Amino acid sequence: MASPKINELLAAAKAADDQAAAYDSLLDNIQSHSTPATVEADMKAIATSIFTNDLRVVALRSVLERFINALRGFNNADLSVSVGQHTLDIISAQPSATLLDQVASLRELMADAHESNEDFLEAAKTLSEIPLDAAQRKVSDEERAAVWVRIVRNYLEVDDTTSAETYLNKLKIIIYAVSDPTLNLHFRLSQARIQDAKREFLSASSAYHDISLSSSVTEEERLHTLAMAARCAILAPAGPLRSRALARLYKDERAVNLDEFGMLEKMFLDRLLAPAEVEKFAQGLAPHQLALTSDGSTVLTKAVVEHNLLGASRLYSNIGFEELGVLLGLDANRAEDTTAKMIEQGRLVGRIDQIERIIWFERGEASGEKGSGRAEVTVGKEMRHWDANVQGLAEEVENVTNALQRQFPEFVAATLAA
């Protein structure tokens, strides 16, 4: 129940000749009239009183704006949510839709309160109900984008990428018309975070890296987004596309300052990764980057296995299933399956001899096109290599003998005769 002082002032406002001015005076001095113990009840009583008097529409809008500013002035998140919802309930019962601007302001205030309480889901829901497409309210693309960006960021805070992507798709339609650099930056960052969450690591890495080069971002944020770019590149499927992403990051002179640089360098140079290095790198990853894939392994484990397989192809011409499994930390069958998948997807060049249980690696870069990794099987290819080597050796011996014959004929005659 409202305090006696507020009830007295409300009665005086109702009896005043200029009710709007009386409400404005009350709201301007509300913090001196109310106490912390009664402020919630007082503000709710004022909201109810405003709508029970026959204020004209223009005066009603003005008083309601003053009411929202007074509520904001308390800087109390719980109060803003409680009183704001009470006021919205009253407005929703009104037959006229002339208070859309005030509803929008009230919902933005409530969203601020939810965000300060770290209740990001409620903040997103509150913002999503702001009237942006009503015919009675003119909203610019920039204002619309500002609301949608906040909704996307709040959904991302609770890892609801599906809902976030819904509003990001709306943003894509109008973002070209938005000139505000901050909104554009938040759009690009949100897009990168959604790609990251959906395990589209190559796209996310490229987006993060572009943001890290932006002059509108602080130096600390630049390094943070550069680190995110490195993590996503490391987690991407091994192959030529990832190699290009790694090369771009490795050549960035700032990369040496990152904790991820050790992993980045080894992957770029196709060196095998040790379990201790992988475990240290995993400590800095987000939960979704350590999630299980369909085969039961984590995203990181799968990326490391594929990288080490690519590294092994640089070291060996051929290797048995069992030996490769030991190298990758897998059983022989999974080592074969992983190799077959990479060859089929064009991320590794080679062929598999299932009878001899041997994998043959070919020198050369895979194109990344599906089916392009299958090496042609040439009958007797290894034997012809052997024959060519023997022939080359015989020709060199013959050349040495002829040179000796010309320079030291007596020695050659005596030695050959012997």
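The legends below describe close-up views of a predicted model.

**View 1. Asn75 in the loop between α5 and α6.** Helix α5 covers residues 57–73 and helix α6 covers residues 77–92, with Asn75 in the loop between them. Asn75 is not a glycine, yet its phi is positive, at about 50°. The residue is exposed, with a relative accessible area of 71%, where exposed stands for values over 50%.

**View 2. Asp270 in the loop between α15 and α16.** The helices on either side of this loop are α15 (261–268) and α16 (275–282). Asp270 is a residue other than glycine with a positive phi, near 60°.

**View 3. The open sheet of 3 strands.** The strand order is β1-β3-β2, and the pairing is antiparallel. β1 (318–320) and β2 (350–353) stand at the edges. Each of these two strands has a single partner strand, so one side of each is left without a neighbour in the sheet. Ignoring direction, neighbouring strands are turned by 20° against each other on average.

**View 4. Pairing of β1 with β3.** Strands of a sheet pair through backbone hydrogen bonds, in either a parallel or an antiparallel sense. Here β1 and β3 (residues 358–361) pair in the antiparallel sense, over 3 bridges. Asn318 has Trp360 in β3 as its bridge partner.

**View 5. Helix α19 on the sheet.** Helix α19, residues 332–344, packs on the sheet and touches β2 and β3. The direction of α19 makes about 140° with that of β2.

Technical notes:
Residues are numbered from 1 along each chain as its sequence is written. This is a predicted model: local features need pLDDT of at least 70, side-chain atom pairs count only at pLDDT 80 or more; totals for chains, interfaces and linings use all residues. Side-chain values use heavy atoms; hydrogens and water are left out. Helices (H or I, at least four residues) and strands (E, at least two) are DSSP runs, numbered from the N terminus. Buried means under 20% relative accessible area, exposed over 50%, partly exposed in between (1.4 Å probe, protein chains only). Two strands pair if DSSP finds at least two bridges between them. Axes are lines fitted to C-alpha atoms, for helices over the stretch in contact, and angles run from 0 to 180 degrees between N-to-C directions. Contact means heavy atoms within 4.5 Å.
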